[in-house]
Amino acid sequence: MEKYVPAPARAVFNLLQTNFTADAASWEGKCIISVKQFGLESLAKLFEVADEMKKLVKESGGDQRLQGRLLATLFFENSTRTCCSLQAAMLRLGGSVVSVNETTSSVKKGETLQDTIACLCSYCDVVALRHPQQGAAVQAVTATRRPLINAGDGVGEHPTQAILDVYTMVSELGGVEGKVITLVGDLKNGRTVHSLARLLALYACELHFVAPPALRMPEDVVRDVTARGRATVTQSDAFDAVLPRADVLYVTRVQKERFEDAAEYEALRLVYRVTPEVLARAKRDMVLMHPLPRVGEIAEDCDDDPRAAYVRQMENGMVVRMALLALLLGKA
Amino acid sequence: MEKYVPAPARAVFNLLQTNFTADAASWEGKCIISVKQFGLESLAKLFEVADEMKKLVKESGGDQRLQGRLLATLFFENSTRTCCSLQAAMLRLGGSVVSVNETTSSVKKGETLQDTIACLCSYCDVVALRHPQQGAAVQAVTATRRPLINAGDGVGEHPTQAILDVYTMVSELGGVEGKVITLVGDLKNGRTVHSLARLLALYACELHFVAPPALRMPEDVVRDVTARGRATVTQSDAFDAVLPRADVLYVTRVQKERFEDAAEYEALRLVYRVTPEVLARAKRDMVLMHPLPRVGEIAEDCDDDPRAAYVRQMENGMVVRMALLALLLGKA
Amino acid sequence: MEKYVPAPARAVFNLLQTNFTADAASWEGKCIISVKQFGLESLAKLFEVADEMKKLVKESGGDQRLQGRLLATLFFENSTRTCCSLQAAMLRLGGSVVSVNETTSSVKKGETLQDTIACLCSYCDVVALRHPQQGAAVQAVTATRRPLINAGDGVGEHPTQAILDVYTMVSELGGVEGKVITLVGDLKNGRTVHSLARLLALYACELHFVAPPALRMPEDVVRDVTARGRATVTQSDAFDAVLPRADVLYVTRVQKERFEDAAEYEALRLVYRVTPEVLARAKRDMVLMHPLPRVGEIAEDCDDDPRAAYVRQMENGMVVRMALLALLLGKA
């Protein structure tokens with residue numbers, strides 16, 4: 001129980017030391033805030049550890065390497081997948097979990113996010129934060145004395161989702177370089193696709209952003225992606241034209257809560273609905289993905305198609321988070 | 001992390017393979033949906049394992065046989081007893097728990113129950129589901145890739161409660177054959193007594209259903225029980241006449257939430273209240289049971305009577321669920 | 001799984017056997033309800049075990065001495081710090097946790113607190129209760145068959161908070177005897193300071209209670225403290241006069257929820273705000289404490305001052321609770 005090192009100094013330390021490398025030591029004690037912290041080398045390392053975790057889960061369910069280590073999950077927004085997979089990841093490595101959500105936290109009594117983070121750092125070894133406000137994760141980093149994982153902050157970032165998505169593409173296709181990756185649906189409001197596009201920009205792939213005019217990918221994301229100079233970007237609303245060439249079809253939910261006009265939502269929500277008929281026109285070895293939850297964008301009678309990868313995508317979510325926890329806690 | 005086997009094929013597999021036997025291998029990987037899956041032989045096996053668990057808890061609190069295994073509890077309705085005893089059962093065998101309830105699930109975002117189940121199966125090794133709608137457990141089975149335990153679905157079934165109740169009778173009396181078992185209270189709305197009556201129908205016992213005319217046991221339950229040809233059934237509202245012969249007195253709560261008329265509820269709720277005076281007229285070795293919570297049907301000054309078995313009944317709830325988890329996960 | 005011993009007999013047993021000594025055996029199986037159960041000898045023993053726990057956490061994060069033991073946390077009020085530190089304490093010693101709160105308990109169905117406690121005792125080895133009503137912990141003791149920890153009951157007691165506060169003073173200063181300890185803020189409504197003052201009365205220290213006239217320490221607390229004949233008590237509202245001599249400055253939140261008049265709350269809430277300017281007039285080795293959450297009583301730019309002990313205070317909360325759990329479960 002070391003003496004308390006003042007927050008600001010720590011924060012700078014944490015945020016600057018983001019040059020993760022293939023050396024596992026470069027990950028220990030760090031925070032995961034943004035996809036901007038990752039490069040090709042660090043992703044390759046992470047995916048290598050994730051592969052080991054996948055093998056471990058298959059063979060024995062897990063091990064005890066994080067025995068005596070505690071994860072705090074601090075979720076101010078619900079998220080079955082992100083929260084449960086983080087908890088399962090910690091538990092499968094022999095660690096334990098303390099869970100705090102909006103209704104059980106002291107924020108109601110007027111406590112700042114920073115003080116709540118400082119509190120959890122007093123009891124736990126790593127913290128995962130989900131928050132409805134963009135920038136909350138960076139704010140939290142100024143108060144943390146432990147590795148902190150941004151598990152989604154409003155319309156900001158959701159780095160572990162983007163990482164597990166790229167890991168799924170790599171697992172399914174053997175690699176992302178040279179592939180045609182089509183993101184479809186609400187590209188304007190979907191935090192997931194923003195982080196994902198930025199991460200895919202590291203690879204020389206062909207990105208297609210397909211959305212109705214009202215829900216197009218924000219300009220700053222497109223700019224960031226093209227500025228990398230590796231991936232190419234094409235934008236359109238013509239799903240049918242793009243479909244036959246896609247190696248990956250990444251479908252997202254149109255988020256009802258973002259629309260003021262119910263009629264507009266209804267008009268758009270199933271504009272790119274994927275059905276067995278749609279799949280009949282896609283490549284035979286295409287990968288169909290969705291961050292879930294879905295509300296009809298992919299018909300349930302697609303689930304038995306071997307190209308439907310969204311269940312494997314969830315399983316990958318757990319093993320990627322196992323890899324991250326092991327790396328951040330120095331036990332990879 | 002095996003390839004995803006399509007849901008329908010799995011579901012049929014799971015539901016058909018319900019001929020549990022005395023061979024522990026016949027339980028592994030199965031779902032527990034209905035008391036209809038159980039016969040005398042399988043109950044005897046389960047009770048044998050439960051006895052071992054009771055001994056284990058008494059001697060050492062538990063063991064580590066389910067280390068690395070995860071239970072997901074998905075509760076869309078509150079239930080202190082069922083949820084806590086399932087969690088405690090898993091933890092006492094060295095396993096871990098991921099807990100999801102209505103307020104933390106993605107169902108609010110419009111996700112189907114099946115997709116939520118598929119999600120939890122991606123992270124966990126066994127799932128327990130509590131749901132307010134009858135039939136939810138069967139629906140969930142169509143999506144599960146892991147053993148699933150129906151922890152109560154509306155006015156449908158609650159098989160583990162019925163099993164622990166019969167186990168308690170067997171533990172207290174040495175057996176159920178030939179015994180006089182009296183179920184008292186709201187037999188119309190109580191899911192618990194429906195599952196229990198169907199399970200007791202396996203034994204050559206004497207069943208008395210005592211309820212006010214408005215709250216009698218549904219006809220289909222009575223028909224199912226008598227159709228077995230083993231137990232005899234008597235129905236009445238004359239508690240006093242039946243009491244002196246009862247070997248088991250199983251009291252249930254009149255459920256306020258089922259009444260539209262508050263006055264009718266008040267008139268019925270304590271019609272069969274058990275007090276020390278009532279117990280004075282019962283057999284000296286009778287067993288007094290209640291699934292709890294109680295709201296006055298059994299006076300608190302009965303608690304010190306050695307016939308009051310409802311605390312031991314709760315303890316049995318945990319050991320029966322330990323036995324079930326061990327059997328379903330191949331570690332009995 | 002022993003036969004159920006009737007509640008009243010147990011309760012008397014538990015409450016009378018409160019003469020904790022330096023012998024660890026005197027703690028096993030007991031309930032922690034009130035600071036009145038503690039004397040100098042028992043506190044010294046507890047602090048000795050807490051020191052060992054602090055060393056253990058620093059060196060290895062914890063151990064497995066409570067493997068197979070379950071803690072139930074039953075919280076009818078939120079409390080991030082108390083609940084999380086109890087859970088973390090149990091987990092770091094290899095135990096497990098079952099968590100129940102108001103929204104997941106059967107109290108909504110009309111169950112009594114005693115029945116809920118009896119339920120949790122059927123599954124778990126130790127219970128921690130937080131309740132909004134004074135006296136709830138004593139009520140719970142009448143139903144418990146396991147060690148029970150009062151984790152705060154309304155305006156009643158919060159013994160583990162008071163203990164961790166005294167432990168922090170002892171850790172920071174080497175001892176409390178002869179020290180000047182100043183409690184500042186809302187001394188009327190703050191349950192924490194009532195328990196703390198009563199516990200500090202065991203030591204020959206100089207207590208200063210500083211509060212606005214409307215928020216003074218209740219007379220019965222002052223009477224109890226002075227009746228001990230060891231500590232001296234001075235009361236005033238003149239913070240500036242007292243500040244330079246303080247060895248400990250213990251600041252509390254003015255609790256908005258206790259005021260009917262918002263203007264009165266606003267007038268009082270920051271009357272003793274601690275800032276770097278205030279700290280400049282305090283002793284160089286003073287200890288600045290706060291039970292947290294804070295809502296401005298201590299400015300955030302005090303956090304880097306080495307005298308700011310509130311983060312170490314939280315860390316001490318966990319190790320003190322580790323010590324208590326180990327002692328109550330016979331594993332210290």
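A: Let's start with A:Asp220, which is partly exposed because its relative accessible area is 34%, between the cut-offs of 20% and 50%. Please keep in mind as we go that this is a predicted model. A:Asp220 has a partner: it forms a salt bridge with A:Arg198, and their closest N and O atoms are 3.3 Å apart. A:Asp220 belongs to helix α8 (residues 219-227) of chain A and A:Arg198 to helix α7 (residues 191-200) of chain A, so this pair ties together parts that are 22 residues apart in sequence. A:Arg198 itself is buried, with a relative accessible area of 17%. Why can such a pair form? Side chains of opposite charge can pair when their charged atoms come close.

Now turn to chain B, where the side chains of B:Arg198 and B:Asp224 meet in a salt bridge, at 2.9 Å from N to O. Here B:Arg198 sits in helix α7 (residues 191-200) of chain B and B:Asp224 in helix α8 (residues 219-227) of chain B, so the bridge ties together parts 26 residues apart in sequence. B:Arg198 counts as buried at 18% relative accessibility, while B:Asp224 counts as partly exposed at 32%.

B:Lys55 and B:Glu59 form a salt bridge of 3.9 Å, N to O. These two residues are 4 residues apart in helix α2 (residues 40-60) of chain B, which means that about one helical turn separates them. B:Lys55 is exposed, with a relative accessible area of 52%, and B:Glu59 is exposed too, at 60%.

Some charged residues belong to a patch instead. A:Glu277, A:Glu300, A:Asp301 and A:Asp304 form a negative surface patch, and patch members are residues with no salt bridge. One of them, A:Glu277, is in helix α11 (residues 276-279) of chain A and counts as exposed at 56% relative accessibility.

For a contrast, visit helix α7 (residues 191-200) of chain C, where you will find C:Ser195. C:Ser195 is buried, with a relative accessible area of 1%. Beyond its neighbours within four places in sequence, C:Ser195 is in contact with C:Val35, C:Glu157, C:His158, C:Pro159 and C:Ala162.

Key. Residues numbered from 1 in each chain as written. Chains lettered and ligands numbered in written order. Predicted model: local features only at pLDDT ≥ 70, side-chain atom pairs only at ≥ 80, totals over all residues. Heavy atoms only, no water. Patch = residues over 30% accessible without salt bridge, like charges linked within 9 Å, V, L, I, M, F, W, Y side chains within 5 Å. Areas by Shrake-Rupley, 256 points an atom, 1.4 Å probe, with all protein chains shown as cover. Salt bridge = Lys/Arg side-chain N within 4 Å of Asp/Glu carboxyl O. Lys, Arg positive; Asp, Glu negative; His and termini not counted. Charge placed at Lys NZ, Arg CZ, Asp CG, Glu CD. Buried < 20%, exposed > 50% of the residue type's maximum accessible area, 1.4 Å probe, protein only. Contact = heavy atoms within 4.5 Å.
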